[in-house]
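Please read it alongside the sequence and coordinates shown here.

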2 protein chains.
Amino acid sequence: MSQSGFTPHDHSGCIAQTLGAAEALCAREGLQFTPLRRRVLEILLTGHKALGAYEILDRLGADGFSAKPPTAYRALEFLTAHGLAHKIERLNAYIACTHPGEAHNPAFLICTDCETVAETEAPAAVGPAAKAAGFKVKATTVEATGTCPACQAARP
Amino acid sequence: MSQSGFTPHDHSGCIAQTLGAAEALCAREGLQFTPLRRRVLEILLTGHKALGAYEILDRLGADGFSAKPPTAYRALEFLTAHGLAHKIERLNAYIACTHPGEAHNPAFLICTDCETVAETEAPAAVGPAAKAAGFKVKATTVEATGTCPACQAARP
DNA sequence: TTGTCCTTTGTTATAGTATAACATATCCCC
DNA sequence: GGGGATATGTTATACTATAACAAAGGACAA
């Protein structure tokens with residue numbers, strides 16, 4: 001599995017692998033990996049960029065699906081609920097998970113130049129502070145904005 | 001300074017202290033702490049909860065300010081730009097900073113029961129992973145949802 | 001003093017994000 | 001072939017945010 005969406009790689013492999021993992025996960029858990037849900041995941045997988053719901057919606061419309069907001073949002077809810085995609089809160093946008101099925105605490109590195117988003121593993125980001133406060137953590141969002149290696153090189 | 005908005009405390013002291021710090025910071029940096037900006041900060045300081053821009057707007061209207069969106073958003077932009085308030089991305093809402101002026105990397109603990117938000121210090125949440133990826137971090141968002149001590153006790 | 005620059009606030013309009021509520025369809029299983 | 005569960009279609013609306021331009025006021029120099 002790639003550690004970073006920043007480094008060049010065979011992206012068609014990325015796509016195939018993730019779709020395969022999604023199929024396997026849905027089969028294992030008795031979930032329906034319907035054409036709509038599959039198509040939304042494919043759209044997200046076109047690149048390591050976060051897409052807004054309405055951007056996804058446009059592409060769905062081109063494929064003959066209903067181009068109304070709930071269509072996209074419901075598919076995204078399914079994908080995020082099962083760890084196949086994540087919402088990037090800073091961007092109000094969505095991205096395919098790069099290692100579905102594996103338990104993880106994702107952190108995202110968002111390049112503000114090229115808009116590429118890389119998913120990495122977050123260390124215990126709030127664990128100690130939460131413990132000290134007596135706070136019981138359910139989910140953690142960790143997102144960093146900045147500049148990816150390629151864009152640092154391109155704009156010195 | 002309180003480590004947590006979860007523990008009971010003298011909140012009027014909270015308010016006075018933060019407003020004082022804001023005044024001092026603006027005086028020091030040559031910024032204009034106008035009545036509008038001050039009022040928005042006061043509104044945010046009414047409790048340790050995040051408020052939406054339109055919620056703030058309603059209260060501004062009651063005080064004779066223009067109740068149009070840019071009024072609130074511009075004040076919030078000023079406050080967040082200078083570290084006097086923060087945006088909670090998970091909630092699309094805003095909260096007063098509990099220790100303005102001090103350099104910090106805030107992390108937020110969001111109670112999904114009572115909606116209280118506590119600000120704590122984030123450890124280097126993405127440092128190692130970013131370094132490994134060659135990513136240059138500009139800003140980091142760390143937000144955890146969960147249950148605060150009081151709500152854990154109330155709903156066992 | 002008045003004219004110009006700059007910052008802040010007011011105002012109008014619109015863009016972008018998300019969900020509620022109800023209708024229809026499909027499939028599985030009995 | 002009827003009943004329940006799940007998924008999708010459809011309509012309407014709520015919520016969040018910004019662009020663009022107008023107007024008010026202070027600071028400061030000519």
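In this predicted model, A139(A) has T145(B) as its bridge partner in β5(B). That bridge belongs to a pairing between the two chains: β5(A) and β5 (residues 136-147) of chain B run antiparallel to each other, with eleven bridges.

**Contact between chains A and B**

- The contact involves 34 residues of chain A and 34 residues of chain B.
- On chain A, at least two residues of the side that touches chain B come from each of β3 (106-111), β4 (117-121), α5 (127-133), β5 (136-147) and α6 (149-154).
- β5(A) gives the largest share of that side, with twelve residues.
- Sorted by class, the side of chain A that touches chain B holds 18 nonpolar residues, ten polar ones and six charged ones.

**Surface near DNA strand C**

- There are 18 residues around DNA strand C, and those that come nearest are P69(A), T34(B), L36(B), S66(B) and P70(B).
- Both chains take part: α3 (53-62) and α4 (69-81) of chain A each supply at least two residues of this surface, as do α2 (35-44) and α4 (69-81) of chain B.

Key:
Residues are numbered from 1 along each chain as its sequence is written. Chains are lettered from A and ligands numbered from 1 in the order in which they are written. This is a predicted model: local features need pLDDT of at least 70, side-chain atom pairs count only at pLDDT 80 or more; totals for chains, interfaces and linings use all residues. A residue is near a molecule or strand if its C-beta atom, placed from the backbone, lies within 6 Å of it. Helices (H or I, at least four residues) and strands (E, at least two) are DSSP runs, numbered from the N terminus. Two residues are in contact if their C-beta atoms, placed from the backbone, lie within 7 Å. Ala, Val, Leu, Ile, Met, Phe, Trp, Tyr, Cys and Pro count as nonpolar, Asp, Glu, Lys and Arg as charged, and the others, Gly among them, as polar. Two strands pair if DSSP finds at least two bridges between them.
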